[in-house]
Protein chains: 2
Amino acid sequence: MSERPTGHAVPGDASHAASDRPPASPAPEPSHAERCRTLLASANRGALSTIAAEPAGYPYGSVATYGLDDRGNPIFFVSLMAEHTQNAIRDPRASLLVTEPVPDGADPLASGRATLIGPLARIDETDRAGAQERYLAANPTAEYYIGFGDFVFLRLDVAAIRYVGGYGRMSWVDAGAYAGAEPDPLASAAAAVLGHMNADHAEAQVLYCRHLAGYPDTISATMSAVDRYGFEMIAEGPSGRSAVRLGFPDQCTTADEVRRAMVAMVGECRRRAAQ
Amino acid sequence: MSERPTGHAVPGDASHAASDRPPASPAPEPSHAERCRTLLASANRGALSTIAAEPAGYPYGSVATYGLDDRGNPIFFVSLMAEHTQNAIRDPRASLLVTEPVPDGADPLASGRATLIGPLARIDETDRAGAQERYLAANPTAEYYIGFGDFVFLRLDVAAIRYVGGYGRMSWVDAGAYAGAEPDPLASAAAAVLGHMNADHAEAQVLYCRHLAGYPDTISATMSAVDRYGFEMIAEGPSGRSAVRLGFPDQCTTADEVRRAMVAMVGECRRRAAQ
């Protein structure tokens, strides 16, 4: 059992009273490799950096849409006339920056982003069908020009990855770990889960914080993230605010499994409250 | 008088009946230099591309927040520990990509973006006060860490600019023209003007299209853009859809001036209709 979360203070508060339960192992969470795969799979456009011919050797940022191959390498479908295509043909060095959506008014530096670095090369005609399938899966509206003769498929073979999850949460991610990681199966359901939990299950969240997260003085709580391994809340009480993470008893890969896990966790809270 | 717009067909239609009024000079519109200045002034973050040390010479894209100096050069406030800062200190070659917001579900390649290319260098301590003022004007929430000792100000001195306004609307913009251009004074009011005109003045728009834009069979119209020089609409009629642009009789620098110009243009429509 690992109910004790990796609770860390929210800015402006370091005094939120935690229980005297002994610290257990931290709640499991996605690796940075998994977070990068999830981020890349949840978007279809980014900032592609290539090396310009003029001014010579300058890095050139442009908007590019992409799909992903099995190993998470971005596949682009680009006009031969576009600057980035000409740049890549001349010099394959490239990177792709993909960012989480930034909520209106939020600090953009608090959102996650990943930079995938590696050579960007044309995909052989023999592999065109597979590349086209992957690209269209992420960009269905490109169907109407997918047959254009002056467009080509490019693939960025990821060699290095920089991940920044927000302030002070960053690392270089091993390219092999990224290639082997799975996008979080809950990514597409996460927003609905958070909306539902925050609209209809405020009381359950307070119980989680009080009885499972080690913050017995919690008065209100808001869920801020959910993934296959667990979920995160901001707990508020008389002594301040705390960011907490709780792990699911077992990994959840569907919204329904999340629902059942959260119901079971409420039962566990009530048992503890009755002791 | 230049009532005849630069009307061009909307995809899927080439047959919308125009009037037999002789073509006049095209409606004035912002230059690409002005559009770039407006775009840069309306945002405060972009994708900064620098040259990485490892993998050596690769372009490295990262998220950066900026303000602008008098000539539209981006000013950054960055941690000395950040990758892009270290990259810029080692190799000043850089670019900044800034994109218009992409509406949900819209094609990201149809939105405007600009890439500003030039050397990225540390701002002298003697110029720190001015840089700080410009940066904070665009990033007020940075106030709480603006005094941090391990942060520095950098400026990108714009030497070349690539502007892409959407499909087939792109150019290299002269850096001097960009430096001398003014952001559109209506930029911050544009969304409200469009909302108001489309919610409450559908009839006026039909009159504009019928009597000033040369599309007498217009049945409905939607305003899609407004700037100091004029505005754009999608006109719909029995023969199809057309994108039209009309110039204001005089430049408008406030929403109130736009209102008066549009009222005057309705008057002109009624005079023509009565002839």
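**View 1. A hairpin in chain A of a predicted model.** Strand 8 and strand 9 of chain A form a hairpin, with two residues between them. In the turn, Gly168(A) has a positive phi of about 70°. Strand 8 (residues 160-166) and strand 9 (residues 169-173) run antiparallel and are joined by five bridges. Strands pair if DSSP finds at least two bridges between them. Arg162(A) stands opposite Trp172(A) of strand 9. Helices (H or I, at least four residues) and strands (E, at least two) are DSSP runs, numbered from the N terminus. This is a predicted model: local features need pLDDT of at least 70, side-chain atom pairs count only at pLDDT 80 or more, and totals for chains, interfaces and linings use all residues. Residues are numbered from 1 along each chain as its sequence is written, chains are lettered from A and ligands numbered from 1 in the order in which they are written, and side-chain values use heavy atoms, leaving out hydrogens and water.

**View 2. Helix 5 of chain A.** Ala190(A), Val193(A), Leu194(A) and Met197(A) are buried in helix 5 (residues 190-200). Buried means under 20% relative accessible area, exposed over 50% (1.4 Å probe, protein chains only). Seen down the axis, the buried residues fall within an arc of 95°, so they line one face of helix 5. The arc is that of the directions from the helix axis to the C-beta atoms. The face turned away carries exposed residues, including Ala191(A) and Asp200(A).

**View 3. Phe153(B) and its contacts.** Phe153(B) touches Ile75(B), Tyr135(B) and Ile146(B), among others, not counting residues up to four places away in sequence. Contact means heavy atoms within 4.5 Å.
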